[in-house]
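Student: Please show me the complex, and then let us go through it by question and answer.

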Amino acid sequence: MTLRVLTVDDSRTILAMLHHTLSNAGFEVLQAEDGKQGLDMLKAQDVDVVITDINMPVMDGIEFIKNVRATGQHNSLPILILTTETSQDKRDQGKAAGGTGWIVKPFDPEKLISVIHRVVH
Amino acid sequence: MSDLDDFKATYFDECSELLTELEEQFAVIEEGERGADRLNAVFRAIHSIKGGAGAFGFSALVGFAHAYETLLDYVRDGRVELTDDVVVLCIRANDIVADHVNAAQSGEALPVDYGAEEKARFDALARGETGGDDDADADGEMMDDFDIDFTPVMVNLGGSMAEGEAPVEDVFESAPMAAAEGQWEIRFTPHRALYARANDPLLLFRELAALGTMSVRAVLGDVPPLSDFEPFAVYCSWEITLVSPGLSEVSIREVFEFVDGDCDIIIAQAGMVPSLADIGFDISEAPAPAVADAEPDLSSLLALTEEEVANPQEPVAPLADFIPEPPAGPVGAQDSFEEAPVLSFAALAEEIMPAAPPPAPKPPVAKAAPAAGGGESEEGGGRSVGVQSIRVDLDKVDRVVNMVGELVITQSMLTQQMDETLRARYTELVRGLEVLAQTTRGLQDSVMAIRAQPVKSVFSRMPRLVRELATKTSKKIKLETIGENTEIDKTVIEQLSDPLTHMIRNSADHGIEIPEKRLASGKSETGTIRLSAEQAGGNILIIVEDDGGGINRERVLQVARDKGVVAPDVNPTDEQIDQLIFAPGFSTASEVSDISGRGVGMDVVLSNIKKIGGSVHVRSWTGKGTRMTLRLPLTLAVLDVMLVKVGDSPYVVPLSSIVETMQCSRASFERVPSGGRVLQVRGEYVQVIDLGQRFGLATQVQETDQFVVLCETEGSQKVALVVDDIIGQQQVVIKSLEENFERVEGIAGGTILGDGNVALIVDVQGLRTTHLHQNAA
């Protein structure tokens, strides 16, 4: 079964790289440029895992995760936080909001895939 | 690798947008507006630039951007005050980031310490020092932090590990905690938060199982009597035995990385510690007795559930989902601890599954619902959300624009071929052609709108230029921009940057005075250059205005005379003198500085602008300032023209410059002493240029049968062109004469008409200027 990943990032570069890496690994990739778009897409489609940036315009990643969890529809949806912050605070904020795990940018393709498999059945 | 190149191209595109955004944000921040939104936008821009840079291994850029970002973060949360000094530093930092991006793009290396001074100041500020010039050794602490903190890893899109990656694994393997025995006991007690964040014990076990041979026992001792049972509380924990030679605690902890803080983890090496009790495990909660206690409860729970299920009014349905199988849990748990049954991973999965769900409001149901409900709307609904724009390769748009251009020509050719006889005969065809003309026009407008871009992309490069010029000239200069959302064809925009740069250099260098002089003449110390764009009919006006000293006409005239640009006996008007700065060969050499005088004068501006069908006009007020106006066509693709005949040749006059036409027989010409003619139009005297005479074409047409085309040039100056006949109006595609032949005075370019004939495009402004010189000579 093809797993569907929703990628949320305001950087086209990162979205493009995620798309490349994930589709090469056999995932179906959806893209959103901010949290608001991400939420809208989740309303319309079912996804298996979400990868989201934190710093985004309109709705940032933290708000996005909170909103996703608040819907009550996606309690078991793994949400991975994309962050360049190796410092703990962004990660903690993301986790507190309901994030499942995180991926540190710049990501290695294999690492990215393995992290996804860590949180997806 | 081509994929990587694609990503890089995307990245540099994105960088240029982000850098533009930075300029814009700081233009407003500089004005004093320092809202959180702006700071967030600035932070995001730098953050994104850094993120991409990391992916491509642009480490110098990453290093600088990281330091800058840290400062911005501090500013954002108020730890560092955003004083004017900090704003100036940030603006400088933007320039440095831009230079780093450019260097990365071109592959050139910047000096190793490029931006080091600014970086040191970021650190000083972040440490709470306001100064920062005096601590050369400030590089220390934070700098080192960055190096440790942020090590860019080159992305290898080929799929194989990046080179630096393998050793990381080694580090873990060889960690000092590694145990020779390799048998570990793990006690794992998830909290509710673990489930709330969509982490799943089963997945953790799967990962652990990959590390070695594993056995897992569910501990259900904490399950309370039914009276105290909370449906969403977490009662289950697990004991795990993991055997693998050389397995380190670090590797095990890594598995639990994401759930750190959301569970209790006790990891102990078997043999090194006698029992879990010794490492602080509360033996009073030891599983064996607890399980014994729990079992009756569970049985009663089970029994009760069956009862309740039989009686569906009671809201216990969720329990029924997981209760039927739990006996497997207690069985395992009962045997637990001393004699753990070793389960295969597959068996484990089956066993854990029913036990795991109870705590979380876990939801095969929740997941299935949207799948079923949302499935239908998926195709349509999902894609329509949030997609308001698409990115199209510029080449494709250009191709469409060119094809539409050809279509327009073909259409006008068809119209032209319809002579009166045909028109009378085929009325339907004529109507069809009219509709075609209209539709073609509409199509052309729509296509041009696709390629139109706000002038912002050019304007945004100017603040930096002005800053640098101000520094170099020791002047204080402020740049104001107006109308930056005005849209022009992309091809025009591309040609705009150089002329605009020249004009602004000229204003900063020659226009704006030094602060002392400004103060002495009662002006504010800071000079202003105003850059504005507006649409006027079929043209875009780009205006560069300064409040400097104005053009030094005496000097300009002197230089022009010395260089033979103006004959000694001619006394041009002030306005004509102002225009002289654009005259070919004119450059106030004695004033050449390293700013304006870079080997090219303002005449280059003029010729560049002419090349794209535009014109330049300058107006100056002594002591008050200078205004230079660029008039540009909205598009380069197609020009609306009036087709006229001079001698036997067709000429075209841009429609945008034509005010009116009249028959010569009705015009009132007057001779002037110099031998030329002027035309009186509603009380105004207008210079007359006979195109036949001007271009040396013999004409058989009686003067009374000729026509006058009244044109308006820059600065509302009018000029009357005398032509032999007016043929009609049409659209043409401009072809450069300079590229295909050479520059001709009075001619702006050539075009191919619908019937295949070549016609020259009259350069009205140029004619007027050269006429002045000719008369002078």
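Student: In what order do the strands of the open sheet of 4 strands in chain B lie?

Tutor: This is a predicted model, in which local features need pLDDT of at least 70, side-chain atom pairs count only at pLDDT 80 or more, and totals for chains, interfaces and linings use all residues. Residues are numbered from 1 along each chain as its sequence is written, while chains are lettered from A and ligands numbered from 1 in the order in which they are written. Helices (H or I, at least four residues) and strands (E, at least two) are DSSP runs numbered from the N terminus, and two strands pair if DSSP finds at least two bridges between them. The pairing in this open sheet is antiparallel, and its order is E2-E3-E1-E4 of chain B.

Student: Which strands stand at the edges of that sheet?

Tutor: An edge strand here has a single partner strand, so one side of it is left without a neighbour in the sheet. The two in question are E2 (213–219) and E4 (263–269) of chain B.

Student: By how many degrees are neighbouring strands of this sheet turned against each other on average?

Tutor: Axes are lines fitted to C-alpha atoms, for helices over the stretch in contact, and angles run from 0 to 180 degrees between N-to-C directions. For this sheet direction is ignored, and the average turn is 15°.

Student: Which residue stands opposite B:Arg187?

Tutor: Strand E1 (residues 183–190) of chain B is joined by 6 bridges to strand E3 (residues 237–243) of chain B, and the two run antiparallel. The residue in E3(B) opposite B:Arg187 is B:Glu239.

Student: Which residue in the turn between E16(B) and E17(B) has a positive phi?

Tutor: Strands E16 (residues 677–681) and E17 (residues 684–690) of chain B run antiparallel and are joined by 4 bridges, with B:Leu679 opposite B:Val686. They form a hairpin with 2 residues between them. The turn residue with a positive phi, about 45°, is B:Arg682.

Student: Is B:Ala533 buried or exposed?

Tutor: B:Ala533 is in strand E8 (residues 527–536) of chain B. Its C-alpha atom is separated by 6.3 Å from that of B:Glu484, 49 residues apart along the chain. With 24 C-beta neighbours inside 10 Å, B:Ala533 counts as buried.

Student: Which feature does UniProt place at A:Asp53?

Tutor: A:Asp53 is in strand E3 (residues 49–53) of chain A and is buried, with 29 other C-beta atoms within 10 Å. UniProt positions are given in the numbering used here, feature names are shortened, and annotations may be inferred rather than shown by experiment. The unreviewed entry gives "modified residue: 4-aspartylphosphate".

Student: Which residue of chain A does B:His47 touch?

Tutor: UniProt lists B:His47, in an unreviewed entry, for "modified residue: Phosphohistidine". B:His47 is in helix H2 (residues 36–56) of chain B and is buried, with 28 other C-beta atoms within 10 Å. Not counting residues up to four places away in sequence, B:His47 touches B:Glu69 and, in chain A, A:Asn55.

Student: What ipTM does the predictor give the complex?

Tutor: pLDDT is the predictor's confidence in each residue, from 0 to 100, and chain B averages 74. Over residues 273–386 of chain B the pLDDT is below 50. For the complex, the predictor gives a pTM of 0.52 and an ipTM of 0.84.

Conventions: Buried ≥ 20, exposed ≤ 12 C-beta atoms within 10 Å, placed from the backbone. Contact = placed C-beta atoms within 7 Å.
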